[in-house]
Amino acid sequence: MDITSEQDDRFMAQALALAERARWHCPPNPAVGCVIVDRPGQVIGQGQTQPVGQAHAEIMALRDAAACGHSVRGATVYVTLEPCAHQGRTGPCCEALAAAGVGRVVAALEDPNPRVAGQGIAHLRAAGVQVDVGPGAARAREINLGFFSRMARGVPWVRLKVASSLDGRTALPNGASQWITSDQAREDGHRWRARAGAVLTGIGTVLEDDPLLNVRLAQATRQPPLVIVDSRLQTPPDARLWSVPDREVVIYAAATDDERKRALEAKGAIVVVQPNAHGKVDLAGMLCDLGRREVNELHVEAGFKLNGSLLRERCVDELLIYQAPSLLGEGSGIAAIGPLTALSEGIALQWYEMAQVGTDLRLIARVSGRATF
């Protein structure tokens, strides 16, 4: 049976759904889904990217087909990113597909990794496999926006999360902020934490709230690293954040205090001294360092001061705002970016998505004028 473009879209949609689920456990690898379809048009194997160091989506789909007794010779493979062509933590997927004798590969996108960048497609075509690229490209790119950012810009995709009232208050004048938004919004926020390459906060939040900043979902399989912007190494060695098992903590400081540094390193922290010219942490330099540490998506949950610094220094790509149907009057705002003297000095945003979560609104806005990649 000849497969139509409508069927290509349908099978790619199944692969994309698998990729969505992979985001929870696969960082720093891109989230990829794969579906194998035989000539009569039946799905005979499927898989998704496994935790780092384990099998990629294509290998999982080949194993699934083999476990069910299906031959993949002549089959069509739908994969949400170009099959890799290099030996990394695992072997090249393009070679495995060619060796299995598949007849066609449909990839949503070329891999932006310079170690792949079309080489997987070229290898498959040289082996006589038909390769088509494009179905599902927009959604596939969104799923791996952080991976594309790191490959193209060398820095993570930075998402700043805020919970606020309708009038933009994140806390009362006395500091009370728990809880402005609903249980459902907080659970949804944990899903965004779970998919992140790292969670970032500031020393102000650590000292004032003593948060865990971990993922508290039953289905979570990993704890993203915690990143703390702490210019003077004030993170307490007895803070609650140290109680989260199997989590890496990276602290960025602006100056070295040997005694405090040793105390934090004794707790397992990685301390990086990266000052700017004003005696604060070099935020842009920090993002470059996190890119080198293979962080694709950086999820920020900080106070209005650090939020403002990140926005002013153009370090934020996207805002994730949970807005409660309440008015709180005076109190802390979302970000300290003023005072401005003209409306044109404001940070322009573009709406990307709006949805109701529980009793609250979830708003996603992206910073206008960011370079495309």
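**Cysteines, a buried threonine and helix packing**

Author: Let us begin with Cys84, which is buried at a relative accessible area of 6%; the cut-off for that word is under 20%. Please keep in mind that the model is predicted.

Reader: How many disulfides does the model contain?

Author: In general, a disulfide is a covalent bond between the sulfur atoms of two cysteines. To be counted here, the two sulfur atoms must lie within 2.5 Å. By that rule the count is zero. For Cys84, the nearest cysteine sulfur belongs to Cys93 and is 3.7 Å away, and Cys84 is in no disulfide.

Reader: Where does Thr49 lie, and is it buried or exposed?

Author: Thr49 belongs to the loop that joins β2 (43-48) to α2 (57-67). With a relative accessible area of 2%, Thr49 is buried.

Reader: Which polar atoms does its side chain approach?

Author: One is the backbone oxygen of Pro30, which the side chain of Thr49 reaches at 3.3 Å. Another is the backbone nitrogen of Val32, 2.9 Å from a polar atom of that side chain. Beyond its neighbours within four places in sequence, Thr49 is in contact with several residues, among them Cys26, Pro30, Val32 and His56.

Reader: How should I read the arrangement of α2 and α3?

Author: The axes of α2 and α3 (residues 93-100) come within 9 Å and cross at roughly 30°. Angles under 35 degrees count as roughly parallel, and the two helices are therefore roughly parallel to each other. Their crossing is left-handed. Glu58, Ile59 and Leu62 of α2 make the contact with Cys93, Ala96, Leu97 and Ala100 of α3.

Reader: Why might such contact residues be spaced along a helix?

Author: An α-helix has 3.6 residues a turn, so residues three or four places apart point the same way. In α2, Ile59 and Leu62 are among the contact residues, as are Cys93, Ala96 and Ala100 in α3.

Reader: Which residues of α6 are buried, and what do they pack against?

Author: In α6 (residues 145-153), the buried residues are Leu145, Gly146, Phe147, Phe148, Ser149 and Arg150. They pack against α5 (137-143), β6 (157-164), α10 (283-292), β11 (297-300) and β14 (360-367). After α6 comes Gly154, with a positive phi near 80°.

Key. Residues are numbered from 1 along each chain as its sequence is written. This is a predicted model: local features need pLDDT of at least 70, side-chain atom pairs count only at pLDDT 80 or more; totals for chains, interfaces and linings use all residues. Side-chain values use heavy atoms; hydrogens and water are left out. Buried means under 20% relative accessible area, exposed over 50%, partly exposed in between (1.4 Å probe, protein chains only). Helices (H or I, at least four residues) and strands (E, at least two) are DSSP runs, numbered from the N terminus. A polar contact is a pair of N or O atoms within 3.5 Å; within protein, one must be able to donate a hydrogen and the other to accept it, and residues adjacent in sequence count only if both atoms are side-chain atoms. Contact means heavy atoms within 4.5 Å. Axes are lines fitted to C-alpha atoms, for helices over the stretch in contact, and angles run from 0 to 180 degrees between N-to-C directions. Angles under 35 degrees count as roughly parallel, over 145 as roughly antiparallel, 65 to 115 as roughly perpendicular and the rest as oblique. A crossing is left-handed if the near helix is turned anticlockwise from the far one by less than a right angle, and right-handed if clockwise.
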